[in-house]
Amino acid sequence: MSTTEAKQVEAKMIPIYVMGKKYEVPESLTIMKALEYSGYQYIRGCGCRGGVCGACSTVYRKAGDYKIYSGLACQTVVEPDMYLTQLPFYPALRGTYSFETLQGTPEEVFALYPELFRCVACNACTKICPMDVEVMDYIAALKRGDIKAAAEISFDCIQCGLCASRCMGELPQYHIAQLARRLNGTYLTPPAEHLKTMTANIDAGRFTEGLGQLKGMDLETLKSTYQEREMEPAVGGEDWTPKDSQHL
Ligand code: FES
């Protein structure tokens with residue numbers, strides 16, 4: 001018996017139901033792993049398996065409980081008598097735009113997503129968010145024309161779309177927030193001057209010789225060079241610039 005099989009024998013098994021059929025699965029599994037353990041294969045609706053990509057949003061029920069629960073299948077651990085099924089895709093409409101022609105104004109957001117003003121502030125979007133994003137708050141910020149605030153409030157959004165699944169105003173909140181972050185990053189945030197400087201340094205060949213030296217090092221020299229490297233100061237500290245072209 002392999003180690004994996006031995007662990008499965010030791011694990012406490014619990015019943016779950018997948019599309020009405022009962023399966024016994026180890027209690028420590030996530031919904032995603034429990035479905036795979038039961039013989040299902042994810043072809044879509046599965047990406048990072050780490051709670052970051054938002055591909056695996058799902059809903060489930062529990063025995064004797066009228067509520068519909070939601071979560072990320074790759075993060076939510078199964079419970080006894082959990083009822084699982086496949087979640088159909090939520091057709092949240094995304095505005096079509098050529099980003100280069102935008103200028104970062106609230107009017108552009110309103111024109112692309114007029115449904116913003118159908119929000120009735122019920123807060124169902126915030127309650128369902130698996131990332132604890134204050135979805136209703138960023139929608140309210142956008143209604144006020146505050147793109148920057150919307151971008152900042154929605155920063156942790158993973159685009160899973162659960163917010164749209166509950167919205168009685170039929171808003172595609174996560175698509176709107178993505179537009180806000182794009183506009184904020186491109187038009188409303190000051191350009192990163194240090195990045196320009198560094199790119200110019202690279203183009204001017206200031207690191208070419210140093211990189212050549214690094215490539216020629218054996219592993220041990222490379223490791224010690226890395227450990228002894230000059231550290232970039234923390235955010236808010238002095239600007240870091242290479243002393244000369246030999247800097248490694
Ligand atoms: S698979 Fe990426 S969040 Fe679950």
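Strand β1 (residues 13-18) runs alongside strand β5 (residues 82-84) in the parallel sense, and the two are joined over 3 bridges. Strands are said to pair if DSSP finds at least two bridges between them. Within this pairing, Val-18 has Leu-84 of β5 as its bridge partner. The structure is a predicted model, in which local features need pLDDT of at least 70 and side-chain atom pairs count only at pLDDT 80 or more, while totals for chains, interfaces and linings use all residues. Residue numbers start from 1 along each chain as its sequence is written.

Stepping back, the protein holds 11 helices and 5 strands. Both are DSSP runs numbered from the N terminus, with helices being H or I over at least four residues and strands being E over at least two. The 5 strands form an open sheet with mixed pairing, in the order β2-β1-β5-β3-β4. The edges belong to β2 (21-26) and β4 (69-72); each has a single partner strand, so one side of each is left without a neighbour in the sheet. From one strand to the next, the twist averages 40°.

Of the 248 residues, 21% count as buried. Here a residue is buried with 20 or more other C-beta atoms within 10 Å of its own, exposed with 12 or fewer, and partly exposed in between, the C-beta atoms being placed from the backbone. Among contacts with a separation of 6 or more, 58% join residues 24 or more positions apart. A contact requires C-beta atoms, placed from the backbone, to lie within 7 Å.

Attention now turns to the helices. Two packed helices are described by the angle between their axes and the distance between the axes. Helix α5 (residues 135-143) packs on helix α8 (residues 173-188) at an angle of about 55°, with the axes 11 Å apart. This makes α5 oblique to α8, as angles under 35 degrees count as roughly parallel, over 145 as roughly antiparallel, 65 to 115 as roughly perpendicular and the rest as oblique. The axes are lines fitted to C-alpha atoms over the stretch in contact, and angles run from 0 to 180 degrees between N-to-C directions. On the α5 side, Val-135, Tyr-138, Ile-139 and Leu-142 meet Gln-173, Ile-176, Ala-177 and Ala-180 of α8. By class, this contact has 7 nonpolar, 1 polar and no charged residues; Ala, Val, Leu, Ile, Met, Phe, Trp, Tyr, Cys and Pro count as nonpolar, Asp, Glu, Lys and Arg as charged, and the others, Gly among them, as polar.

The buried residues of α5 are Val-135, Met-136, Tyr-138, Ile-139, Ala-141 and Leu-142, and they pack against α3, α4 (124-128), α6, α7 and α8. Just after α5 comes Gly-145, with a positive phi of about 85°. Gly-145 lies 4.8 Å from Pro-106, C-alpha to C-alpha, although 39 residues separate them in sequence. Pro-106 belongs to helix α3 (residues 106-112) and, leaving aside neighbours within four places in sequence, is in contact with Gly-145 and Ile-147.

Most residues other than glycine have a negative phi. Arg-49, though not a glycine, has a positive phi of about 60°, and this residue sits in the loop between α2 (31-37) and β3 (57-62). Gln-159 likewise takes a positive phi, near 65°, in the loop between α6 (147-153) and α7 (162-166). Arg-49 counts as partly exposed because 17 C-beta neighbours lie inside 10 Å; Gln-159, with 15, counts as partly exposed.

Methods. Two residues are in contact if their C-beta atoms, placed from the backbone, lie within 7 Å.
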